[in-house]
Amino acid sequence: MEFAFTPEQEALRSEVRQFIAENVTPEIVAELEDTGIRRRGPKTREMYKGIAERGWIGISWPKEYGGQAGSRIDQYIVEEEFARVGITVGGAGSGAPAILAAGTEEQKQEFLPGIIRGEISFALGFTEPQAGADLAGLQCRAVRDGDEYVINGQKMYTTAAHYATHIYLMARTDPDAPRHRGISIFLIPMDTPGITVRPLWTIQNNPPAPLGTTYGDARTNETFFENVRVPASCMLGEENQGWYVGAMGLNLDRVGASRYLISIQRDEDIVNWVKDNEIEGVAMREDPTMRDRLADMWIEGQVCRLMTLRSMSIVENDGVFTYEGSAEKVFAPEHGVRTTETIAQMLGPYGQLLNGSEDAVEDGVFAHNLMGAFQSGINHGSVQVMRDQVARRGLGMPRV
Amino acid sequence: MNVLPNEEELMVKNAAREFLEAECPPSLARAIEQDERGYSVELWEKMASLGWFGISLPESHGGGGLPVTYLGLILEECGRAIAPVPFHSTATAALAVSRHGSAEQQQSILPRAARGDLIMTWAVQEQDPRLRADAIQCRAEVDGDSLVISGIKHFVDNFSAAELMVTAVRTAAPSDDNAGITLVIVPTNSAGITETRLTTLAKDSQSKLTMDGVRVPLSNVIGEVNQGWPATSDMLDIGTALLCAQITGAARKDAEMAIDYAKNRVAFGRPIAGFQSIQHLCADMIVWTDGAQLLTYEALWKLDSGLPFGVEVSQAKAFTNDKCQATVRSSQQIHGGIGFMMEFDLHLWYRRVTAWTMRLGTSFEHRARVARALLDQPGEVRLGMNLQPVG
Ligand SMILES: Cc1cc2nc3c(=O)[nH]c(=O)nc-3n(C[C@H](O)[C@H](O)[C@H](O)COP(=O)(O)OP(=O)(O)OC[C@H]3O[C@@H](n4cnc5c(N)ncnc54)[C@H](O)[C@@H]3O)c2cc1C
C-alpha cells in the first residue's frame, strides 16, 4: 500500500495549480459559465492550447497519438486540478478510452491528436426515450448500405451535442440478435446532414447555476437522426460488438477526477465556508451538532476519495474491475446528496437562495446543488443498477 | 500511489486467513465464551510459533521489524475468525513500549512479547470513558523510587490473562497542555489491585480494576513522570487503528455469511438472493465495509510513514463504528429468525462487532476530533491533505 503521490507528482500538481492561478481569468470563468459555448469560447480555446502544449491532456496515451505514454495517476492529478475550477481536460466523457481500446489505426490518428488539441469533442449518444438505465433496449437503427450506414432514430439527453464536433453513437445494427449482441458504435461528425439537435432545458435553466454546481447545466438536448448517411469507417470496433466497446468507455467514465469532484467538492466548500463565515454573528463552527455533521460528511468524503484512488490503482495496475467501479458509483453520488441536503439544513433559509439573489451564499451554489446533486445518482449507471452490479458481479448473486 | 495491498502484504494476510480457517473454527470462540481464562492457550501458542506477535516489533528485540500495517492485516484476519486470543491488547501495549519505552523496558519486555511468552494489556479508560487526558482521575504519587497508584481503571481487556498492563495515571492536576499524566507499566499481580469481571455483549474478557496503594518502581514509568499524555494518546491511536482492522475483518466475514445464506435460503419460490432488495442491501454492506477498510489502511499507512495519523484514526473509527454496525445488523436482517438463535453462529460476530464499536472511542468522540482538526486551526482544507490532530 502506498497512499502518497510521488514528489514528482506533487510537483506536477503545483505546476498545474500555478497555471490555473495565472490563466483561468474572470473572462474565462464567464465563458465557462455560458453553457452555450463552454470550451468553444475564444479565450477558453486559447487557454486550452496552453494546456495541450504542456502535454497535460491524454498524458497516459501513447506518444504516437499525441500523448506522453505517462501514468494514469499523473493524468488523474491534472484532471482533478482542472475539474476543481470547472474545466474538463480529456478523460471522462471524451470517448478517448474506447477509441484507444477499440479504434482502428486511422481512427486513432483521426481523433486522438484532435482531442488533445481541444479541436474534437464528443457528445454521448446512448440514451433514448425508451432506453435509459436499460440501455440495451435502444432502438436507433443503423442499416448497412454498400460502404455506408444509414441511421434513423432519436437520442435523449445528449449533453453537449450543441457544441460538440462529434457524437459517439450507439445504434442497433442487428435487430434479430439478442439485445446486447446487435449494437454497434459510430463516431459521427455533428455536421453530417440529417442530424437535428433540439434543446432540452433543465431545472437549472434560470437563473444559471454558478460554476462548480453539480449538474449545473442549463441545457441538454434531444438529437434526431433522419436518414443520416455515414461511411462504414465511422464504426468503432466490430459490428454488433458495440455493447462491449461502450461498456469499456463507460466504466472509465464512472471513475476518475470529475466523478470524484462531483461528489465531494461541497464537503470542502462548506467546511471552508464555515471556517471563515458566520450568519449574523452566529458561528456554526462552534455548534456541536454542526461540528458532528461536518466531520461525518468529511469522513464520507474521504471514503469517496479512497474509493476513487482504489479505482485508479486498479487501472494503473492494468487490473479489471469486478465491482469496485460500481461500488464507487453507489457511495459517492449518494454521499454528495447527503452532504447537499445537510448543508441545506445548516444554512436554513439562506440555503434556498439562487444565483444572483440578494443574500445568496456563494452565488447560490448550495441551492443549485439541491437541483443537481441527485442527478449524479441517475446517469452513467443509476445507483440501483450499480448496486445490481455489485451484487451480481462482485458477490455472485443471481440475476432475477 | 497504490492503495491496494502489495504482494508481500497479501501474502501475510492470506497466510493468516488460511491458518485461522484451519485452526480457529467458530466453535472455539463459542467455547471460550464459557472459559474462565478468557482465551485459547492452544491457539495462542500456535500463533506464537508463527511469529505473528512480534511481526511489527523491532528486529533487535526478536521481532519481525515490519510496518504496523502488517500487524493490522493479521488482526483483520483475527477479527474475521473472531480468534479468542489476547492479541489486540498485547500488541497495543507492546507497541507502546516499543515506541516510547526505555532501553531496559524494551529489553525486558519486547523479546518475550515477540515470542508470545508475555500477554499484556492497556488500561487508560475510567468511569468517564472518554479518551482525553482530563478524564484520567486515577491518582499516583511518587514515593521515593516508587510510584503509588490509587483509583479505578475500567474496561480493561484480558486483565486476568495479562502479566503486565500499560496504565495511564494522574500525577498532577489537569492542565491545558495535558501535563500531569504518567504512563507506567504495572504488573497485574501487584498487591492492591481488585478485579471485577464485566459481562460484555461480546462475552469476552473485560474488567474493572480498583487500585489501592499499588506500588511499582519508578523505573516502570514510560518516559517522564507527568509527561505521559503524548505516549498515551499514541498508544490509544494505535490500539484504535488495530481495533478498526479487527472490526472490518469481522464485519466482512459477517456480510459474506449473509450473502451465502441468501443464495441458499428459498422464499416465494426462489433464493432470496434473487430479490433486488436483498441484493442491494448486500451491495451496501460490502461498500460500507470497503470504506471502513480503506480508511483503516490509510491510517495505518500514515502511522508507518511517520506522518501525523490521529485524524485518520478517528475518521476510520467513526466510520467503522457506524457502518460495520449497520453491516452486521443488515446481516441479521437477511438471516431472519435463525440469526437470533443461540445455536446458529452468526451472533458470535454480531455481538463482537457491536461491542467493539463501543470501545476505544464512540463515533461522536472521534468525529469531534475530526471537527477540531478541520475547524479549530487556520487554513483552507482539502480532502486528502495531512491534518494535524488538535487535542
Ligand atoms: C443532465 C443529464 C445529462 C445526461 N447526459 C447524457 C449524455 O450525455 N448522453 C446520454 O446518452 N445520456 C445522458 N443522460 C441520460 C442518463 O444516462 C439517463 O437519464 C439514465 O441512464 C437513466 O435513464 P432514464 O432517465 O431513462 O431513467 P430510467 O431508465 O427510466 O430509470 C428510472 C428509474 O428506474 C430505476 N431502474 C431502472 N432499472 C431498474 C432496475 N433493474 N432495478 C431497479 N431500478 C431500476 C432507475 O435506477 C431510475 O431510478 C443524461 C441525463 C441527464 C439528466
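This is a predicted model: local features need pLDDT of at least 70, side-chain atom pairs count only at pLDDT 80 or more; totals for chains, interfaces and linings use all residues.

Student: OK, and where does the ligand lie relative to chains A and B?
Tutor: The ligand sits between the two chains, A and B.

Student: How many residues surround the ligand, and which are the closest?
Tutor: There are 22 residues surrounding it, and the closest are Phe126(A), Gly132(A), Ala133(A), Tyr157(A) and Ser382(A). Strand E1 (122-125) and helix H12 (383-394) of chain A are the elements that give two or more residues to that shell.

Student: How does the shell divide into nonpolar, polar and charged?
Tutor: The ligand shell has 13 polar residues, seven nonpolar and two charged.

Student: Let's switch to the chains. How many residues of chain B are in contact with chain A?
Tutor: On the chain B side it's 43 residues, in contact with 44 residues of chain A. Helices H7 (229-264), H8 (276-304), H9 (310-335) and H11 (363-375) of chain B each give two or more residues to that side.

Student: Which of those gives the most?
Tutor: That's H8(B), with 14 residues on the side that touches chain A. By type, this side of chain B has 26 nonpolar, 10 polar and seven charged residues.

Student: What about the inside? Which residues touch the most other members of the largest nonpolar core?
Tutor: Phe186(A) and Cys282(B) do, in a core of 233 residues. H7(B) supplies the largest share of that core, 18 residues.

Student: What does Cys282(B) touch?
Tutor: Leaving out residues up to four places away in sequence, Cys282(B) touches Ala391(A), Leu395(A) and Met397(A) from chain A, plus Ala258(B), Ile259(B) and Ala262(B) from chain B.

Student: And how is chain B divided into domains?
Tutor: Chain B has domain 1 (7-119), domain 2 (122-227) and domain 3 (230-375). The C-alpha centres of domains 2 and 3 of chain B are 29 Å apart. Their contact takes 15 residues from domain 2 and 13 residues from domain 3. On the domain 2 side, strands E4 (164-170) and E5 (181-187) of chain B are the elements that give two or more residues.

Student: Back to chain A. Is helix H11 of chain A mostly covered or mostly exposed?
Tutor: H11(A), residues 365-372, is mostly covered, with six of its eight residues buried. Those are Val365(A), Phe366(A), Ala367(A), His368(A), Asn369(A) and Gly372(A). The buried residues of H11(A) pack against helices H8 (257-276) and H10 (324-347) of chain A.

Student: Which residue has a positive phi of about 55° although it is not a glycine?
Tutor: Asp318(A), in the loop between helix H9 (288-316) and H10 of chain A. Asp359(A) also has a positive phi, near 70°, and lies in the loop between H10 and H11 of chain A.

Student: Why does Asp318(A) count as exposed?
Tutor: Because Asp318(A) has 7 C-beta neighbours inside 10 Å, and 12 or fewer means exposed. Asp359(A) is exposed as well, with 9 other C-beta atoms within 10 Å.

Terms used: Residues are numbered from 1 along each chain as its sequence is written. Chains are lettered from A and ligands numbered from 1 in the order in which they are written. Two residues are in contact if their C-beta atoms, placed from the backbone, lie within 7 Å. Helices (H or I, at least four residues) and strands (E, at least two) are DSSP runs, numbered from the N terminus. Ala, Val, Leu, Ile, Met, Phe, Trp, Tyr, Cys and Pro count as nonpolar, Asp, Glu, Lys and Arg as charged, and the others, Gly among them, as polar. A residue is near a molecule or strand if its C-beta atom, placed from the backbone, lies within 6 Å of it. Domain bounds come from an automatic or database domain assignment. A residue is buried if 20 or more other C-beta atoms lie within 10 Å of its own, exposed if 12 or fewer, and partly exposed in between; C-beta atoms are placed from the backbone. A nonpolar core is a set of buried Ala, Val, Leu, Ile, Met, Phe, Trp, Tyr and Cys residues joined through C-beta atoms within 7 Å.
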